[in-house]
Structure formats: C-alpha cells, structure tokens
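Hi,

Here is the structure I said I would pass on.

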Amino acid sequence: MAYVQDHAPPPAMRSVGMAYLLWVPSMFGVAGLHRFYTGRWGTGLLWLLTVGLCGVGSVVDLFLIPEQVQMFNRSAAGQGNQAPMALGQGILALARRRGVRGFTFNDAVLELGHSPEAIRPALESLMQEDCIHVTNDLEGRIIYREP
C-alpha cells in the first residue's frame with residue numbers, strides 16, 4: 001500500500017491548567033484566548049470580538065475547557081503519533097471483526113477514533129489495493145468488508 005507520511009512535528013499537547021489561565025483575561029474583556037490555545041480559531045475570534053458572547057460563552061467555557069483540551073490532545077495524538085499505515089491496519093482489523101456484515105464509514109470513524117478526513121483516504125487506498133470491497137447492505141447503506 002502506498003501511504004504518504006507527513007513529517008511535520010505533532011502539535012504540542014495542551015494542559016487544562018494553562019487553558020484556565022488563558023480564560024482569566026475574559027473576566028477583563030479579553031475573551032477567547034483559551035479557545036485559540038485549544039485550536040478553536042473560529043470561535044476564539046468570535047469570543048474575542050464579542051467579549052465572549054457578552055460573557056455568557058465565557059462562563060459556559062468554565063465547564064467546557066477540560067473537554068476542549070481533551071479533544072485537542074486526542075486529535076493531536078491521532079494525527080501526529082500514528083502512522084497512516086496503522087490506520088489502514090485498523091480498518092482491516094475492523095473489516096475482519098465484522099465479517100460478511102461489514103462496516104459503515106461511521107462505524108470506522110467511531111470505532112477507530114480518527115477524523116472522517118483521515119479515514120476516507122485510507123479507505124480509498126485500501127479499495128484501490130483490493131483489500132476492502134464496497135457494497136450495499138439490505139437497507140441500502142454503503143458498507144465495506146474484506147473481499
């Protein structure tokens with residue numbers, strides 16, 4: 001299988017403590033820094049321009065910061081620390097476990113813990129190499145399974 005590996009360094013892991021520290025300026029009108037820190041650039045800019053949605057969004061973020069940091073770290077670990085080959089092997093293992101009933105695209109995203117943007121090219125490459133076949137189940141859903 002031909003996989004192209006990105007040699008960019010993985011993003012540094014984020015800490016909940018630092019995210020809360022970056023939340024503190026929102027009490028003084030500079031909101032959204034913690035969102036930039038956790039990779040949420042769009043909402044970070046929105047928070048910055050609207051003073052944290054008039055403060056309401058900043059208060060809600062007090063409870064969401066740990067989840068935001070966890071999601072960023074999970075994404076960074078999935079993209080930076082696992083070679084694309086490991087994703088292909090995970091898809092093949094899923095196909096073998098599911099047998100003739102196969103699996104859907106959503107099954108792969110949920111079970112393998114990767115983004116749809118990472119799963120799709122891996123599936124396409126496996127189909128080109130004739131390692132995975134695509135078909136429909138009785139309900140008309142697209143399913144993938146071993147040949």
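Predicted model: local features only at pLDDT ≥ 70, side-chain atom pairs only at ≥ 80, totals over all residues.

I'll start with helix H7, which runs over residues 116–128. Its 13 residues reach 18 Å from the first C-alpha to the last, close to the 18 Å expected at 1.5 Å a residue. Which residues of H7 are buried? They are Ile-119, Ala-122, Leu-123, Ser-125 and Leu-126. These cover an arc of only 165 degrees around the axis, so they sit on the same side of H7. Over on the other side of H7, Glu-117 and Gln-128 are exposed. Just after the helix, have a look at Asp-130, which takes a positive phi of about 65 degrees.

Next, the loop between helix H1 (16–23) and helix H2 (33–37), where you'll find Ser-26. Is this serine buried or exposed? With a relative accessible area of 11%, Ser-26 is buried, because the cut-off for that is under 20%. Its side chain reaches the backbone oxygen of Trp-23 at 2.4 Å. If you leave aside neighbours within four places in sequence, Ser-26 is in contact with Ala-31 and Ser-58.

Last, the cysteines. A search of the whole structure turns up 0 disulfides. Cys-54 counts as exposed, at 74% relative accessibility, whereas Cys-131 is partly exposed, with a relative accessible area of 23%.

Cheers

How values were computed
Residues numbered from 1 in each chain as written. Heavy atoms only, no water. Helix = DSSP H or I, 4+ residues; strand = E, 2+ residues; numbered from the N terminus. Buried < 20%, exposed > 50% of the residue type's maximum accessible area, 1.4 Å probe, protein only. Polar contact = N/O pair within 3.5 Å; in protein donor to acceptor, adjacent residues only side chain to side chain. Contact = heavy atoms within 4.5 Å. Disulfide = S-S within 2.5 Å. Expected span 1.5 Å × (residues − 1). Arc of directions from axis to C-beta.
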